[in-house]
Amino acid sequence: MSDPLPRRPDIRAGRLPAEELATGFADLHPALERHEALVEADRCYFCYDAPCMNACPTAIDIPLFIREIQAGNPIGAAKTILSQNILGGMCARVCPTETLCEEVCVREVAEGKPVQIGMLQRHATDTLMATGEHPFKRAAATGRRIAVVGAGPAGLSAAHRLAMLGHDVTIYDAREKPGGLNEYGIAAYKATEDFAQKEVAFLLKIGGITFETGKALGQGIHLADLRRDFDAVFLGLGLAGVNALGADGEASSGSHDAVAWIADLRQTADLSGLPVGRRVVVIGGGMTAIDAAVQAKALGAEEVTIAYRRGREAMNASPYEQEVAATRGVHLRFHLQPKRIHAEDGHVAAIELERTMIENGKLVLTGETVTIEADQVFKAIGQTFLPHGTEAEGEGIALERGRIRVDAARRTSLEGVWAGGDCIAEGEDLTVVAVEDGKVAAMDIHAALTAADRVAAE
Amino acid sequence: MADLTTSFLGIASPNPFWLASAPPTDKEYNVQRAFEAGWGGVVWKTLGEDPPVVNVNGPRYGALWGPDRRLLALNNIELITDRALDTNLEEIARVKRNWPDRAVVVSLMVPCEEAPWQKILALVEQTGADGVELNFGCPHGMSERGMGSAVGQVPEYIEMVARWCKQHSRLPVIVKLTPNITDIRYPARAAKKGGADAVSLINTVSAIMSIDLDNFAPTPTIDGKGSHGGMCGPAVRPMALNMVAEIARDAETVGMPISGIGGITTWRDAAEFIALGCGNVQVCTAAMTYGFKVVKEMISGLSDWMDEKGYRTIDDFRGLAAPNVTDWQYLNLNYVTKARIDQDKCISCGRCHIVCEDTSHQAITSMVDGARRFEVIDEECVGCNLCVNVCPVEDCITMERIAGYDPRTKKPIPDEYGNWTAHPNNPMATEKLQHAPEPVTLPDAAE
């Protein structure tokens with residue numbers, strides 16, 4: 001039987017029954033029960049100069065918090081965690097522990113089965129958060145005011161630490177909700193039950209932090225004004241730009257930026273109303289590619305393919321993330337670089353990719369092409385820092401490799417301006433790294449203001 | 001296939017595994033199930049005078065747990081049997097009749113007067129039971145009434161009651177000892193003097209398992225209060241082994257048959273007690289933790305190990321470890337060891353380093369040439385074995401004997417045996433090196 005009608009893109013909502021949809025978006029790692037946590041905690045050897053602790057960008061005292069869990073004090077464990085990393089709850093969910101603490105766990109080395117540090121961290125922080133109590137108290141008010149631009153992990157971390165040290169903080173963010181990528185970027189199945197917002201609410205309980213939405217540099221606020229009106233400024237701007245595919249037909253309907261699509265998905269209350277293609281191709285090799293592909297599959301896409309231009313080993317997504325995608329039915333294909341998007345009536349119909357190979361360490365095209373039929377194409381090939389908010393001020397903040405240059409204390413080239421998170425040149429683009437940036441910057445801001453006070457008093 | 005049969009005081013048993021006098025042996029129903037599972041014998045739960053005692057109606061056990069709630073010890077405040085004497089006697093007689101090849105020994109506890117002992121012994125003898133065990137061990141409840149450990153803590157009472165029992169019964173008499181005493185040799189000697197045929201040990205250790213920090217009371221808590229109980233299980237095993245060894249090598253009690261008790265959980269535990277000279281073993285906590293089936297592992301494990309080692313009978317290895325238990329003063333001070341870390345097995349947890357650094361001799365590195373690496377510094381290592389004990393990897397750290405020269409003391413190591421008795425630092429040193437007394441030899445089982 002032939003179809004007399006012209007081919008239509010098959011993009012629609014409600015592909016799956018409610019139960020199946022719920023399963024697909026359920027918690028990737030259900031929380032440990034209390035007894036499970038005790039048993040797991042007991043596996044920790046309480047290493048000397050523990051490798052896990054050294055591998056943690058926020059230097060959480062992991063052996064200590066695990067011992068606290070084991071001794072029946074999960075609240076104390078949470079305090080140990082949160083004193084180093086106020087977003088320890090989210091980090092427990094999204095950290096690629098397999099390439100950080102758990103990779104160097106001596107039990108990973110010994111038996112290929114590390115202590116489940118991430119799960120234990122979640123057990124502790126969940127237990128504390130369930131009490132509704134905030135574990136830290138603010139120091140006496142200093143009368144100092146600090147502006148934080150960007151309410152993502154870096155900004156929230158900086159704001160909390162500054163507030164704790166007695167300063168008053170105003171956070172600005174362009175979006176409606178705080179959280180940054182925790183709210184708009186992380187895959188839904190990693191932070192279920194509105195965790196990002198719950199965590200922000202928990203963090204704000206420290207007091208002294210005001211939040212202003214709808215404002216970004218150049219939109220309602222200006223760096224020059226902030227520098228004039230506040231004692232210090234912290235920029236946690238994130239990466240607002242996305243890389244272009246550079247393939248023909250990129251503008252066709254059905255071709256999406258994966259980051260924006262995930263943000264939409266995260267803000268969709270009823271996922272049964274979110275349309276997805278029957279056949280989806282995701283271009284990229286990082287976490288965003290995995291998150292987009294797995295969630296497209298979870299929405300009911302029948303065929304989901306990740307196409308990456310290099311080999312598996314070069315993927316930014318860890319082997320664990322790749323496994324998550326593969327076990328959820330995502331087809332991973334390698335050495336394929338997008339050449340053009342075939343459109344019919346202005347809509348994506350297929351993507352043509354060219355096979356690549358590595359020659360003398362360089363990626364070269366082979367001329368051979370592969371075409372994959374698709375109703376939707378997502379590009380997840382990296383994000384870029386858009387400096388317009390900063391340069392609009394004519395201040396000329398110094399950049400390095402396209403991002404803000406900072407020193408070890410996260411000071412930018414501008415006096416009184418610190419920066420951290422994905423917008424700076426240093427460090428991996430990870431939540432936990434952003435938290436550390438914010439913390440380090442806050443401590444340095446505090447030191448600078450305290451020193452200034454001392455000078456003023458003399 | 002090894003022969004596991006034993007003849008303890010002439011009481012035949014298909015294997016050395018008996019159930020100790022305790023809740024598992026309180027009723028015919030339980031004992032029947034035990035024999036079906038393969039236990040070689042039972043010591044029937046302690047009988048007393050009528051009217052029977054009563055037990056608390058709240059919780060009577062407390063526990064000490066290891067990881068994953070593995071039971072390391074139980075603590076109990078249960079008393080002797082709370083059933084009528086006749087009921088127990090009838091059941092004992094029936095069980096013995098139904099299981100003639102199994103050992104049935106009856107535990108007894110009556111006041112420290114001759115008449116009650118004489119009376120109950122006669123009743124037990126009528127059941128056809130194989131022997132009696134005198135419960136001088138229970139440290140809770142009954143001891144408040146002048147029985148149990150209250151007797152076991154006074155050697156003269158032990159001797160006196162043992163003598164009555166030997167006088168008034170033709171049955172073999174085993175005296176069960178309490179560990180709640182400073183030197184276990186004294187009650188054992190008293191038992192022997194009184195004519196007892198054997199001792200069994202240890203009974204439970206007086207203990208408070210834990211304090212409930214919400215109610216500020218010992219656990220288990222009965223209406224807000226708790227009393228100490230008797231602790232048993234794997235946690236008490238090392239203490240039991242020492243007490244068995246003390247009796248096995250004491251000149252006054254050497255050769256006296258011993259029934260080993262205390263945390264025996266696997267075949268290996270049983271083999272260790274037998275190696276110290278025990279003629280059989282008694283088990284309670286393992287059964288109360290896992291059920292009677294555990295005896296199957298004990299039987300197969302012991303049998304397979306004996307086959308592997310070439311021991312045909314229990315007596316072939318019984319007591320082999322006893323001569324090697326000696327006094328500190330006879331240990332060879334010229335036996336010098338150093339820790340050796342197998343770098344291929346090391347997982348770099350650093351525990352050996354930190355315990356040595358913080359609490360001992362600063363003899364293990366943490367960094368070598370700027371890299372995380374744990375190596376023994378022979379110049380500092382006293383060979384204490386702490387690193388071996390804390391290392392989570394089996395056989396990663398071992399102790400190696402060195403000869404010739406000790407880099408720590410910077411002195412040569414004498415080749416010959418040398419001990420404290422003639423050491424220059426010993427104010428009591430004798431001119432001539434003293435050797436340990438000749439190891440005692442156990443009499444043949446046939447005797």
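This briefing describes how the two chains of a predicted model are divided, paired and packed. Chain A is split into three parts, namely domain 1 (28–130), domain 2 (145–240 + 385–457) and domain 3 (242–383), while chain B is split into domain 1 (6–324) and domain 2 (335–415). Where the chains meet, 9 residues of chain A are in contact with 12 residues of chain B.

**Domains and how they meet**

- In chain A, the centres of domain 2 and domain 3, taken over C-alpha atoms, are separated by 31 Å, and 6 residues of domain 2 of chain A are in contact with 9 residues of domain 3 of chain A.
- On the side of domain 2 of chain A that touches domain 3 of chain A, the residues divide into 4 nonpolar, 1 polar and 1 charged.
- In chain B, the C-alpha centres of domain 1 and domain 2 lie 42 Å apart.

**The sheet β4-β3-β2-β7-β21 of chain A**

- Five strands of chain A, in the order β4-β3-β2-β7-β21, make up an open sheet with parallel pairing, and its edge strands are β4 (209–213) and β21 (417–419) of chain A, each of which pairs on one side only.
- Direction ignored, neighbouring strands of this sheet are turned by 20° against each other on average.
- Strand β2(A) pairs with strand β3 (residues 168–173) of chain A in the parallel sense over 5 bridges, and within this pairing Thr170(A) in β3(A) is the bridge partner of Ala147(A).
- Because 4 of the 5 residues of β2(A) are buried, this strand is largely enclosed by the rest of the structure.
- Helix α18 (residues 431–457) of chain A lies across β2 (145–149), β7 and β21 of chain A, and it runs at about 170° to β7(A).

**The sheet β9-β17-β11-β12-β13 of chain A**

- Another open sheet of chain A has 5 strands in the order β9-β17-β11-β12-β13, again with parallel pairing.
- At its edges stand β9 (255–257) and β13 (331–333) of chain A, each with a single partner strand, so one side of each is left without a neighbour in the sheet.
- In this sheet, neighbouring strands are turned by 20° against each other on average when direction is ignored.
- Strand β11 (residues 279–283) of chain A runs parallel to strand β12 (residues 303–307) of chain A and is joined to it by 5 bridges, with Val282(A) having Ile306(A) in β12(A) as its bridge partner.
- Helix α14 (residues 258–266) of chain A packs on the sheet and touches β9, β11 and β17 (376–379) of chain A, its direction making about 80° with that of β9(A).
- Helix α15 (residues 287–299) of chain A also packs on the sheet, where it touches β11, β12 and β17 of chain A, and its direction makes about 170° with that of β12(A).

**Nonpolar cores and buried residues**

- In soluble globular proteins, nonpolar side chains tend to be buried together.
- The largest nonpolar core here holds 134 residues, of which Ile62(A), Phe234(A), Val282(A), Ala292(A) and Ala293(A) touch the most other members.
- Apart from that core lies another, of 97 residues, which includes Trp18(B), Leu74(B), Cys278(B) and Val295(B).
- Beyond its neighbours within four places in sequence, Ala292(A) is in contact with several residues, including Val282(A), Trp261(A) and Phe378(A).
- In helix α11 (residues 351–359) of chain B, the buried residues are Arg351(B), Cys352(B), His353(B) and Cys356(B), and what covers the buried residues of α11(B) includes α12 (386–390) and β20 (397–402) of chain B.

**Where chain A touches chain B**

- Helix α8 (residues 106–111) of chain A gives the most to the side of chain A that touches chain B, contributing 3 residues, and the residues of that side divide into 7 nonpolar, no polar and 2 charged.
- On chain B, Pro67(B) is found in the loop between β5 (61–65) and β6 (71–76), and, leaving aside its neighbours within four places in sequence, Pro67(B) is in contact with Val39(A) and Asp42(A).
- Pro67(B) counts as exposed because 12 other C-beta atoms lie within 10 Å, and a residue with 12 or fewer is classed as exposed.

Notes
Residues are numbered from 1 along each chain as its sequence is written. Chains are lettered from A and ligands numbered from 1 in the order in which they are written. This is a predicted model: local features need pLDDT of at least 70, side-chain atom pairs count only at pLDDT 80 or more; totals for chains, interfaces and linings use all residues. Domain bounds come from an automatic or database domain assignment. Two residues are in contact if their C-beta atoms, placed from the backbone, lie within 7 Å. Ala, Val, Leu, Ile, Met, Phe, Trp, Tyr, Cys and Pro count as nonpolar, Asp, Glu, Lys and Arg as charged, and the others, Gly among them, as polar. Two strands pair if DSSP finds at least two bridges between them. Helices (H or I, at least four residues) and strands (E, at least two) are DSSP runs, numbered from the N terminus. Axes are lines fitted to C-alpha atoms, for helices over the stretch in contact, and angles run from 0 to 180 degrees between N-to-C directions. A residue is buried if 20 or more other C-beta atoms lie within 10 Å of its own, exposed if 12 or fewer, and partly exposed in between; C-beta atoms are placed from the backbone. A nonpolar core is a set of buried Ala, Val, Leu, Ile, Met, Phe, Trp, Tyr and Cys residues joined through C-beta atoms within 7 Å.
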